[in-house]
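This briefing goes through one structure by topic. Please keep the sequence and the 3D view at hand while reading.

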Amino acid sequence: MSSDQPSIILDCDPGHDDAIAIIVAARHTNVLGLTTVAGNAPLSATTRNAIIVRDLLGLDAPVHSGAERPLIREPKHADYVHGKSGMDGADLPEPSGPPASTDAVGFIIDTCRANEGAWLVPTGPMTNIGLALRAAPDLKDRIAGISLMGGGTFGNRTAAAEFNIWCDPEAADIVFSYGGPLIMSGLDLTHQFQALPPRIEMVRALPGQLAHVLAGLLDFFSHTYTSRHHGIGGAAVHDPLAVMALTHPHLFTVKNAHVEVETDGVRTLGMTIIDQRDLKEVPPGNCEWQTHVDADAAWDVVVEAIAHFSH
Ligand code: BDR
Ligand code: CA
């Protein structure tokens, strides 16, 4: 770890693309911990997957499990994208043990208080982060900011809503209105970053168990995308972009924007409303909205990170 790397807590629901976010984070940040949330799969599965990825990397960071369900809504999962396990497509090793605790929210609060200037990076439903901000409002002034994957101008779970926000819109609303620095990597951005076949082959060509596992995961993930979408060349690899927003900001184009989360709409629940009106009455921006990524260069970052941990 180098001292100019950002310190982060990665709050995730692995998830194929969350696994890649963990790898990029392990390579380019000081990972204070991984916290898990129910999302792509039930909490027991996302926690198991986070521990397995952590073990494969030999990463010295604790995994703490957190919320089993959204703040007020029923839990919903995404086995139609990630399979029942949350990370179908590869023979995964057994995890080395249980999580360090089941109190992700307490871990987030204590760790942010003990490490001023850390970033929170949610790549799943934002239940843990919302609970932490609500229980400890002082975090707003202790963290460097929040870089999240979620939202965008179109949906994937519904016509209007992206999965992470749709799962727990009330928690996302707390995050979008918390008042500190915020970076949004939404679907507009992440659909530019696809696991195209030649990109998966770059991973498959690497030696070792990690690369072998990841090539299998990416094959599965891409197959679910290409079978469900018109005209997509591979899976949208969403989550590592929320990490790279911090570690490789030169790869992105951003706009300052005011974004709110819809928590009431019958058809628009979980929509991120990005105020693009050219009017003076538009409220000041509350987030850096990432609009464009240099996808080839970002994929090189992913491949180099996998290669770094491959042996
Ligand atoms: C988000 O939902 C999950 O399926 C992915 O892991 C990503 O975090 C994309 O909508
Ligand atoms: Ca995720």
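Predicted model: local features only at pLDDT ≥ 70, side-chain atom pairs only at ≥ 80, totals over all residues.

Contact here means heavy atoms within 4.5 Å. With neighbours within four places in sequence left aside, S7 is in contact with N30, L32, A118 and W119.

**Calcium ion (ligand 2)**
- The calcium ion (ligand 2) is coordinated at 2.2 to 2.5 Å by D13 (OD), D18 (OD), D18 (OD), T123 (O) and D239 (OD).
- Along the chain, the donors of this ion have the spacing D-x4-D-x104-T-x115-D.
- D18 belongs to helix α1 (residues 16–28), while T123 sits in the loop between β4 (119–122) and α5 (127–135), so the pair ties together parts 105 residues apart in sequence.
- D18 is buried, at a relative accessible area of 1%.
- T123 is also buried, with a relative accessible area of 1%.

**Ligand 1**
- The residues surrounding ligand 1 are D17, D18, N40, H82, T123, M149, N156, E162, F163, N164, H238 and D239.
- D18 has a side-chain N or O atom 3.1 Å from an oxygen atom of ligand 1.
- A polar backbone atom of T123 is 3.0 Å from an oxygen atom of ligand 1.
- For N164, an N or O atom of the side chain is 3.0 Å from an oxygen atom of the ligand.
- On its own, ligand 1 has 280 Å² of accessible area, and the protein covers 98% of this.

- S7 is placed in strand β1, and its side chain makes a polar contact of 2.9 Å with the side chain of N30.
- G15 is in the loop between β1 (7–12) and α1.
- The peptide bond from P14 to G15 is cis, with omega near -10°.
- Most peptide bonds, by contrast, are trans.

**Nonpolar cores**
- In soluble globular proteins, nonpolar side chains tend to be buried together.
- The largest nonpolar core here has 59 residues, and those with the most contacts inside it are L10, I23, L57, F193, M244 and I306.
- Leaving aside neighbours within four places in sequence, I306 is in contact with I23, V203, L206, L210, A211 and L214.

Definitions and conventions. Residues numbered from 1 in each chain as written. Chains lettered and ligands numbered in written order. Heavy atoms only, no water. Donors = N, O, S within 2.8 Å, 3.2 Å for Na, K, Ca; no water. Helix = DSSP H or I, 4+ residues; strand = E, 2+ residues; numbered from the N terminus. Buried < 20%, exposed > 50% of the residue type's maximum accessible area, 1.4 Å probe, protein only. Polar contact = N/O pair within 3.5 Å; in protein donor to acceptor, adjacent residues only side chain to side chain. Near = heavy atom within 4 Å. Areas by Shrake-Rupley, 256 points an atom, 1.4 Å probe, with all protein chains shown as cover. Core = buried A, V, L, I, M, F, W, Y, C linked by side-chain atoms within 4.5 Å.
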